[in-house]
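Visitor: I have a structure open and would like a guided tour. Could we go through it by question and answer?
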Amino acid sequence: MDTYILDFERPIIELEKKIQEMKDLSIHDDLRLQDDIARLEQKAEKLRKDIYSKLSRWQRVQLARHPQRPYTLDYIKRITSSFLELHGDRSYGDDPAIVGGLAKIEDLPVVIIGHQKGRTTKEKLHRNFGMPHPEGYRKALRIMKLAARFKRPIVTLIDTIGAYPGIGAEERGQAEAIAKNLFEMSHLPVPILIIIIGEGASGGALGIGVGDRVLMLENTWYSVISPEGCAAILWRDSTRAEQAAEAMKLAPTDLLEIGIIDGIIKEPSGGAHRDHDKAAAILKTTIIEELINLNQLPVDQLLEQRIQKYSKMGFWSE
Amino acid sequence: MSWFKRESFGLVPQEKKELPDGLWIKCEGCNEIIYKKELDKNLYVCMKCNHHFTINSKTYIKILMDDGTFNEFNDQIQSVDPLKFKGTRRYAEQLKTAMKKTGLNEAIRTGFGQINHHDVVFCVMDFSFIGGSMGSVVGEKISRAIQLAIERHMPVIILSTSGGARMMEGALSLMQMAKTSAYLAKLSDAGLPYISICTNPTTGGVSASYAMLGDIIIAEPGALIGFAGPRVIKQTIGQDLPPGFQRSEFMLDHGFIDVILNRQEIKEKLTQILEFFEAQ
């Protein structure tokens, strides 16, 4: 796979290339370059830290969209010991933009649901760029209700720029499908853990995003609309997305500050797209910890806390 | 050089008004010129083509509630600007302008009221306040109204008119969808009915939360009801939309609303519904 490099990543990637060249040289020509290599590696680490600690909101958006970023099924493959994907909403069809099924993480039985994007053009079209139709939300709800009946916790992985705006989606009730999920998820009697792994926009994200704990990976974003959509409405010009991203305060640190999320999950140095295995390992540890905590709460307390969590969201004066 | 000169410019851009002042109004539906007093008597529904004009929350309260029974609560809650949002203008300024223009504190009013002597909690949105958009305050007022309904054992009616979630509050406005839906689930668990009335337009985050969650969903004729706005869909698919797409009649055909009612008959049918749910 060709490596896709964002502008602000370039200095790091170039330095890493140089280090690799020196390493090759030192092996083949038996040159004593160890000291130089160590020095450069330190420099690279510092550079990574510098660049990634000062990312703008728009740069986070770009990382969240990085074509090599791990998607839901990439994570599922790495964090579960078994996974059986379930298909269809039992009424209209199966939506490949949302996947879900029965999984085991270590010995923990869970239901995992997530938006699914594609990597190749063919896959992208098949997954509709991760933009679900109503049947996707209805499939998700069907599987989540199954989890609730058999007292299995639910983990959802969010990665979408929105629910699909098309004729069929409207005919089959996109609004109703999302609304129904919000309603049901607010009182499903099992723990629900939500993790934003890439992009999160609008009701399309929230449609599988109501739960007890909401976490975001470091290089992700979450808001009411995509930066392009916001720019198109504000200035009738979607190319001003960068400005819109800043205005909407959609980065994980922003959302933690205003009480919308409960925590931020670290990514491997340089971003999840640079090391899928490591990103998945961190995610797995987090999921296990969170679910062990949530599983300890009695159901009535869990539900009370869930409604309290959403009651507190928002700012006003009176 | 021209030998004539225009003395003054007759066409000065004016603020868009909900209903033009004057004695006569042109119907947006059939272009008929209507005498305003007649239209007022007919609840702002065109006598010729049944076009339902957009009306404000005050008028809906007058139409649907028994005289003098609407007792508003939480009307002092106001929006703040938590993100210090700046688009074409500052959100804080936009709020001030909206308040001044409408005389309202927000895009929704909530209160106790009676419909032919049946007690209800009534929430009514107002499109003239930033397009009826839902931010933190709309979410909070609805949630509190539902909580009060549960405590006093009353049904809830929400009349929607909204372009969707309020962008200027970012993810906070998105969360109001979850918050209001969670309270409606609580209402439902308490065994109380919720009636949703969709008027033109009911789209975006409002349709994808409380507007589509009614035990009974009523719509006024010809109202635009849907998730994505027609402009966005048109852009996405790159073709024109079929006539009548996303209108009340389309929604009825596709099974997403219970009934379309003319504005004049809503109160009577609401009474019928409330009686049905009350009879034990």
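Guide: Gladly. One caution at the start: this is a predicted model. We begin with how chain B is divided.

Visitor: Which residues make up domain 2 of chain B?
Guide: Chain B is divided into two named parts. Domain 1 covers 19-53, and domain 2 covers 55-278.

Visitor: How many Å² do domain 1 of chain B and domain 2 of chain B bury between them?
Guide: Their C-alpha centres are 24 Å apart. Seven residues of domain 1 of chain B touch seven residues of domain 2 of chain B. Of the area buried there, 55% is on carbon and sulfur atoms. The total buried between these domains of chain B is about 710 Å².

Visitor: How many salt bridges, and how many residue pairs in polar contact, link domain 1 of chain B and domain 2 of chain B?
Guide: Take the salt bridges between these two domains of chain B: the count is zero. Polar contacts are present across the interface of domain 1 and domain 2 of chain B, with both residues at pLDDT 80 or more. Their count is seven residue pairs.

Visitor: Now the two chains. Which residues of chain B lose the most area to chain A?
Guide: In contact here are 55 residues of chain B and 48 residues of chain A. Chain B and chain A bury about 4,500 Å² between them, 74% of it on carbon and sulfur atoms. On the side of chain B, three residues together account for 15% of what is buried. They are M167(B), M175(B) and F227(B).

Visitor: Which side chains form the salt bridge between chain B and chain A?
Guide: The rule finds one salt bridge across this interface. A nitrogen must lie within 4 Å of a carboxyl oxygen. Here the N to O distance is 2.7 Å. The partners are R144(B) and E318(A).

Visitor: Which helix of chain B gives the most residues to the side that touches chain A?
Guide: Between the chains, 13 residue pairs are in polar contact, both at pLDDT 80 or more. Helix 4 (136-152), helix 5 (170-189) and helix 7 (230-237) of chain B each supply at least two residues to the side touching chain A. The one that gives the most, with 18 residues, is helix 5.

Visitor: Over to chain A. Which residues of domain 1 lose the most area to domain 2?
Guide: Chain A is divided into domain 1 (7-54) and domain 2 (61-311). The C-alpha centres of these domains of chain A lie 35 Å apart. They bury about 570 Å² between them, 48% of it on carbon and sulfur atoms. Together making up 63% of what the domain 1 side buries are F8(A), E9(A) and Y52(A).

Visitor: What is the N to O distance in the salt bridge between R274(A) and E16(A)?
Guide: One salt bridge is found across the interface of domain 1 and domain 2 of chain A. The side chains of R274(A) and E16(A) meet in a salt bridge. Its N to O distance is 2.3 Å.

Visitor: How many charged residues are on the side of domain 1 of chain A that touches domain 2?
Guide: Four residue pairs are in polar contact between these domains of chain A, both at pLDDT 80 or more. Helix 1 (10-28) and helix 2 (34-53) of chain A each give two or more residues to the domain 1 side. By class, that side has four nonpolar residues and no polar ones. The number of charged residues is four.

Definitions and conventions: Residues numbered from 1 in each chain as written. Chains lettered and ligands numbered in written order. Predicted model: local features only at pLDDT ≥ 70, side-chain atom pairs only at ≥ 80, totals over all residues. Heavy atoms only, no water. Domains from an automatic or database assignment. Contact = heavy atoms within 4.5 Å. Buried area = accessible area lost by both parts, 1.4 Å probe. Polar contact = N/O pair within 3.5 Å; in protein donor to acceptor, adjacent residues only side chain to side chain. Helix = DSSP H or I, 4+ residues; strand = E, 2+ residues; numbered from the N terminus. Nonpolar A, V, L, I, M, F, W, Y, C, P; charged D, E, K, R; others polar.
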